[in-house]
Amino acid sequence: MADPSANVGESLPRILNFNVGVLGHVDSGKTSLARALSSTASTAAFDKNPQSKERGITLDLGFSAFTVPLPEHLREACGERQYDSLQFTLVDCPGHASLIRTIIGGAQIIDLMLLVVDVVKGMQTQTAECLLIGQLTCSRMIVILNKTDLLPSDKKQSAIDKMTKRMHKTLENTRFKGCPVIAVAAKPGGPDAPGTEEAQGVTELIELLKSQAFLPHRDPSGSLLMAVDHCFSIRGQGTVITGTILQGALRVNDTLEIPALKVTRKVKSIQMFRKPVPSVMQGDRVGVCVTQFDPKLLERGVVCTPGSLRTLHAAVISVQKIEYYRGALSSRSKIHITVGHETVMARVSFFSRASHSGQSGASDGSPSEQSLDTFSFDWEFQHQDEFLSGQAEVEGQAPQQWALLEFERPVTCPPLCLVIGSRLDSDIHANTCRLAFHGKLLEGFEDKNYTETTLPRLKISKDKHKEGAVERVTDDYTVIGKNLFKKETNIQLFVGLKVTLSSGETGVIEGGFGQSGKIKIRVPEGLKEETKQLLSSSSKKKGKGVAKNEQTKDEEGKTDSQPIIIHLNFKRYVYDPHKKMVQS
């Protein structure tokens, strides 16, 4: 597919769009910073949400932009694709703890992250959560120490130096080690101060942004996927969808699908920051006017090439625990799952490769990056009551783990997309990380009846162990066992399974014996002499009732303390509709 930027009319300047996410703790001054940086405000920019104005915080993703001449290092990197200018699109993500799902939605569309830190307060809970989201979604970062106007002038520089040092220490073990740290005062005097005082350090920040900008990977090929963040009607024109092109390209007169509404619409016109363009591609921030539909039905979500996205009822994902998460992760528990641009509750079940299966697969030991995101229905897995971490991880031997997610409502998402599990119902004021794990979506179940159609293919087993005792011998090849099953157990299900006796013999369950849950066990190789002696002395003792001499008493003591134990080991496949028992 041709580069859509080549189709833009000669009269229009060619603009390279670069998405910068502004993340940080609530009240760290993100919106003021975006306002100070910007010249053009987009539809959602600067807290237009009525709730935002009331609460004084950004409730939704705010977008704004400013344009600078194309820096020299980018002019060379662009090669044949000549651009005239560089547009920084600022994505102002909300910092309020209960709105973390919106942050995750915003972070998936950014090229570089600005982590805004209140210079007086330093790192706070949500600052750390934003940093984690950045690590999962972004390769570059600049730390902004904001509100420097609140520092006493005589101690200002030493306080900035101290906080800069502390931030470098915090980032030492992250992918952002050594990233630039810059001090600014985006809104001197605070949010209510008159706008006469000029922001401090913003000119230097713009220069730093220009030096840090790179040519993002932009590919116009493949099917269209656009993250939608706002939707509104224009009388007589149609409905306008605003958002960011995540993949592919879009042209006027194309047809796009709105999967959430199961409808398709024709593209009537496209704008980039209020300037009409004939086409757009991956990475562009756009407004698309389509034929009319009710905008209230699609405030946030995705639109795509017709038929290219799947709606899933369940999924298998790879799982890596986030190290700062302190809680346990139990199977069958419910957790918030952010997948694509949706956050939904899901029941989670963890599993790993069965230990005996294949030494050659990328399943054992410490998995490589490449093998972390592989999965096959052909593999044997074992159920885990919870995500395995702790000692095994310390030794670098934590097994690769997966999870089955069963969504409370269907979700629409692209294949292999990022998945984040979090406990958004935790106390938002507690000083704890609520991001629990992340992974990749490897297998999606589109069928509503997936529990009957697809799940049985998933070979996840649970190991079972039962113990009973030999009651008596009936002949050299047969014993009667007790205490292995309850009276009401359907013993027919266990016929043919192997058992081992604590005396060393191997036997096979032949069937039930009487009505009280006892079983008949056949020992093909025959019982050992010492086993028969042990069992016969035990039955003699019961038959005669009274001990004849000291020797018998000794035997009695010996028999009482050492009954012959029956061990039954088997596994059951969790999703096998027939509940069959299997022995290796």
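E172 is partly exposed, with a relative accessible area of 38%, where partly exposed lies between buried (under 20% relative accessible area) and exposed (over 50%), for a 1.4 Å probe and protein chains only. Its side chain meets that of K169 in a salt bridge with an N to O distance of 3.6 Å, a salt bridge being a side-chain nitrogen of Lys or Arg within 4 Å of a carboxyl oxygen of Asp or Glu, and K169 is exposed at 59%. The model is predicted, so that local features need pLDDT of at least 70 and side-chain atom pairs count only at pLDDT 80 or more, whereas totals for chains, interfaces and linings use all residues. Residues are numbered from 1 along each chain as its sequence is written, and side-chain values use heavy atoms, with hydrogens and water left out.

By this rule, twelve salt bridges are counted. One of them joins K210 to E207, with the closest N and O atoms 3.4 Å apart; both residues lie in helix 7, three residues apart, or about one turn of the helix, helices being DSSP runs of H or I of at least four residues, and strands runs of E of at least two, numbered from the N terminus. K210 is buried at 19%, whereas E207 is partly exposed at 45%.
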